[in-house]
Amino acid sequence: MPEGVLVRAENLGKTFSTPAGDVVAVDDVTFDVLRGETLGLVGESGSGKSTVARLLMWLQEPTSGRVLFDGTDLAGVPGRELRTVRRRMQMVFQNPYGSLLPHYTAAGNVAEPLRLHSIGDKDSRRERAKQLLDLVGVNPRFADLYPRQFSGGQQQRIAIARALALEPELLVCDEPTSALDVSIQAQILNLLDDLRERLGLTCLFISHNLAVVERLANRVAVMREGRVVELAPTEELFRAPQDPYTRALLGAVLPVRGQRAAS
Ligand SMILES: Nc1ncnc2c1ncn2[C@@H]1O[C@H](COP(=O)(O)OP(=O)(O)OP(=O)(O)O)[C@@H](O)[C@H]1O
Ligand SMILES: [Mg+2]
């Protein structure tokens with residue numbers, strides 16, 4: 001495996017059995033996430049983006065194929081050691097309020113992963129949580145407020161601080177700004193961009209919106225009906241999309257060459 005690869009999805013497949021029959025959510029998906037890059041993952045609702053994310057994080061096991069994290073096949077990692085691998089990858093979700101513990105304060109939420117991994121003592125964890133809050137732009141003076149007392153954008157900052165507590169190498173962001181006001185979205189995107197540079201993070205950034213991904217991603221993978229139909233450097237994908245579906249997706253969010261986007 002090339003040294004530049006942090007995570008490899010190899011012929012990944014996931015089929016869900018439902019009362020209505022089998023649903024093929026992910027179908028033979030192969031791609032690499034390179035160290036230090038932000039890989040955008042786009043595609044319409046139901047195309048399998050979140051399922052790919054859960055498979056990479058090993059929150060769900062694939063029906064077929066492999067996930068290699070830093071060269072290690074996650075299927076072969078025993079349960080106890082999986083905890084150690086999982087520390088190295090964290091996730092930020094669409095709905096920040098739902099992902100925070102409502103009865104824990106901001107600092108309590110951020111310190112929780114440290115507590116679960118028995119890192120430091122109560123005081124040092126609290127101190128670290130305050131530093132992390134500061135890092136993501138939440139005033140540490142508000143460390144003892146509860147999630148509901150913060151705005152959506154601030155809640156997402158707290159969720160990001162919590163995701164960073166264990167100093168992960170991979171940050172998977174699944175539609176991290178879709179639930180936020182448009183004016184706040186840009187601030188969170190700037191924050192993520194800033195953090196990934198300062199902390200040298202590798203990111204998988206999921207969105208159904210190509211325009212959002214264009215800002216952050218070095219490369220973009222386009223999913224349709226469980227498959228990756230195109231993967232290219234961002235600039236190239238936007239300049240010369242190869243797949244008809246990518247072109248359609250681009251047309252839906254951006255005016256294309258003299259033509260207005262359908263509204
Ligand atoms: N646990 C499950 N059981 C059954 N079907 C599922 C399950 N999880 C996902 N699916 C199905 O798999 C397909 C892919 O879903 P997924 O959530 O990965 O799509 P997505 O691209 O993230 O969509 P969105 O943009 O709406 O978040 C969908 O048809 C979905 O209904
Ligand atoms: Mg999703």
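Which element gives the largest share of the shell around ligand 1? The legends below take up this question first and then turn to other parts of this predicted model.

**Figure 1. The shell of residues around ligand 1.**
The answer to the opening question is α1, from which four residues of the shell come, the largest share. Around ligand 1 there are 14 residues, and those that come nearest are S45, G46, K49, S50 and T51. When the shell is sorted by class, seven of its residues are polar, four are charged and three are nonpolar.

**Figure 2. Side chains that place an N or O atom beside an oxygen of ligand 1.**
In the side chain of S45, an N or O atom is 2.5 Å from an oxygen atom of ligand 1. For K49, the distance between a side-chain N or O atom and an oxygen atom of the ligand is 2.8 Å, and for the side chain of S50 the corresponding distance to an oxygen atom of ligand 1 is 2.8 Å. Taken on its own, ligand 1 has 640 Å² of accessible area, and the protein covers 63% of it. Two or more residues of the shell are given by each of the elements β1 (5-18), β2 (21-34) and α1 (49-56).

**Figure 3. The largest pocket and its lining.**
The volume of the largest pocket is about 530 Å³. Its lining consists of 22 residues, and L59, R86, M89, Q90 and M91 are the ones closest to the pocket's centre. At least two lining residues are supplied by each of four elements, namely the helices α2 (79-87), α4 (106-116) and α6 (152-164) and the strand β6 (89-92). Sorted by class, this lining holds 13 nonpolar residues, together with five charged and four polar ones.

Rolling a probe the size of a water molecule over the atoms is a way to show where empty space is left. With a threshold of 30 Å³ or more, the count comes to one cavity, and the largest cavity holds about 50 Å³ of space. The residues that line the largest cavity are T38, C173, L192, D193, R196, C203, F205 and L216. The elements α7 (182-199) and β8 (202-207) are those that give two or more residues to this lining, and α7 gives the most, with three residues. In this lining, five residues are nonpolar, two are charged and one is polar.

An unreviewed UniProt entry places the feature "domain: ABC transporter" at residues 7-250.

Terms used
Residues are numbered from 1 along each chain as its sequence is written. Chains are lettered from A and ligands numbered from 1 in the order in which they are written. This is a predicted model: local features need pLDDT of at least 70, side-chain atom pairs count only at pLDDT 80 or more; totals for chains, interfaces and linings use all residues. Side-chain values use heavy atoms; hydrogens and water are left out. On a 1 Å grid over the protein atoms alone, a cavity is a set of points where a 1.4 Å probe fits but cannot get out, and a pocket is an open set with protein on both sides within 12 Å along at least five of seven lines; lining residues have an atom within 4 Å of a point. Grid points are joined across faces, edges and corners, and a volume is the space filled by probe spheres set on the points. Ala, Val, Leu, Ile, Met, Phe, Trp, Tyr, Cys and Pro count as nonpolar, Asp, Glu, Lys and Arg as charged, and the others, Gly among them, as polar. A residue is near a molecule or strand if one of its heavy atoms lies within 4 Å of it. A polar contact is a pair of N or O atoms within 3.5 Å; within protein, one must be able to donate a hydrogen and the other to accept it, and residues adjacent in sequence count only if both atoms are side-chain atoms. Accessible areas come from the Shrake-Rupley method with a 1.4 Å probe; for residues, only the protein chains shown count as cover. UniProt positions are given in the numbering used here, feature names are shortened, and annotations may be inferred rather than shown by experiment.
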